[in-house]
Amino acid sequence: MINHAIKDQVAEATRIFFEKGYSPSKDGGDLSIKDAENDLVYICPKPGRNVKITNWGVIRADDIVVIDMDGNIVASDNHILPTIEYKMHLAIYKSRPEINAIIHAHAANSGVFAIAGLDIPILTAEMYQIGGSVVCAEFGKAGSDDLAEKMIKALGKDKRGALLKNHGTVALGTDMDDAFRCADLIEKGARIAILANILGDPQEIRCEDIFSSR
Ligand SMILES: [Zn+2]
């Protein structure tokens with residue numbers, strides 16, 4: 001029932017996540033993959049007594065926790081607990097069945113918008129790929145049901161990303177590569193918006209105006 005290839009995949013993605021600068025601390029942000037066939041979620045651990053890591057760059061497959069859709073631990077080495085944000089990951093999977101991978105980042109550029117409590121506007125054509133502007137959810141305490149509910153509301157039915165106020169970013173994908181593409185687009189979109197506002201007065205565009213109808 002436990003798919004070790006998925007544990008490897010989450011661990012490798014977590015190391016890449018760290019290398020990209022999406023988590024400067026040892027437990028900032030987290031990733032998960034849903035095994036839709038078995039209704040299981042493979043997710044980053046909660047660092048602590050049983051997971052002694054200095055940062056996400058050293059995470060191994062044995063550190064990855066497997067939980068069911070109710071948050072019960074199905075498989076975990078050395079009594080390792082899932083990340084405290086597991087409720088948010090599960091809530092997203094339940095509300096968006098097409099999503100099979102989630103990246104929750106504490107990245108710099110999108111973080112500026114999250115701290116300011118502002119949506120990331122659509123300034124480039126490629127933003128259509130993440131459903132347009134990236135909405136900043138209302139503030140919720142880390143690890144709470146309240147935060148999970150506010151994130152679901154910000155994501156709506158078709159957004160591929162949203163911001164957690166004073167906290168970070170969430171990017172969704174049909175698989176982990178897709179989730180990274182969304183996370184990268186959000187981070188790039190945030191950087192472009194910050195720099196464009198320094199240079200001048202950038203005009204937001206609408207998704208429906210990006211492509212010709214022909
Ligand atoms: Zn976080």
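**Fold and burial in a predicted model**

Running from the N terminus, the elements of the chain follow the order α-β-β-β-β-α-β-α-β-α-β-β-α. The model is predicted: local features need pLDDT of at least 70 and side-chain atom pairs count only at pLDDT 80 or more, while totals for chains, interfaces and linings use all residues. Residues are numbered from 1 along each chain as its sequence is written.

Colleague: How many helices and strands does the chain have?

Modeller: Helices (H or I, at least four residues) and strands (E, at least two) are DSSP runs, numbered from the N terminus. Counted in this way, the chain has five helices and eight strands.

Colleague: What radius of gyration does the chain have?

Modeller: The radius of gyration is taken over C-alpha atoms, and the globule rule is 2.2 Å times the number of residues to the power 0.38. For 214 residues, a compact globule would be near 17 Å, and the chain agrees with a value of 17 Å.

Colleague: What does H1 reach from its first C-alpha to its last?

Modeller: Helix H1 covers residues 4–19, which is 16 residues. The expected span of a helix is 1.5 Å times one less than its number of residues.

Colleague: Within what arc do the buried residues of H1 fall?

Modeller: A residue is buried if 20 or more other C-beta atoms, placed from the backbone, lie within 10 Å of its own, exposed if 12 or fewer, and partly exposed in between. The buried residues of H1 are Ile6, Lys7, Val10, Ala11, Ala13, Thr14, Phe17 and Phe18. They line one face of the helix, because the directions from the helix axis to their C-beta atoms fall within an arc of 160°.

Colleague: Which residues are exposed on the other side of H1?

Modeller: The cover over the buried residues of H1 includes strands S1 (30–35), S2 (40–43) and S5 (101–105), and helix H5 (176–199). On the other side of H1, the exposed residues are His4, Ala5 and Glu19.

Colleague: Is leucine 40 buried or exposed?

Modeller: Leucine 40 is found in strand S2. Because 20 other C-beta atoms lie within 10 Å, leucine 40 is buried.

Colleague: Leaving aside neighbours within four places in sequence, with which residues is leucine 40 in contact?

Modeller: Two residues are in contact if their C-beta atoms, placed from the backbone, lie within 7 Å. The C-alpha atoms of leucine 40 and isoleucine 67, 27 residues apart along the chain, are separated by 5.8 Å. The contacts of leucine 40 beyond those neighbours are Asp35, Val66, Asp68 and Val74.
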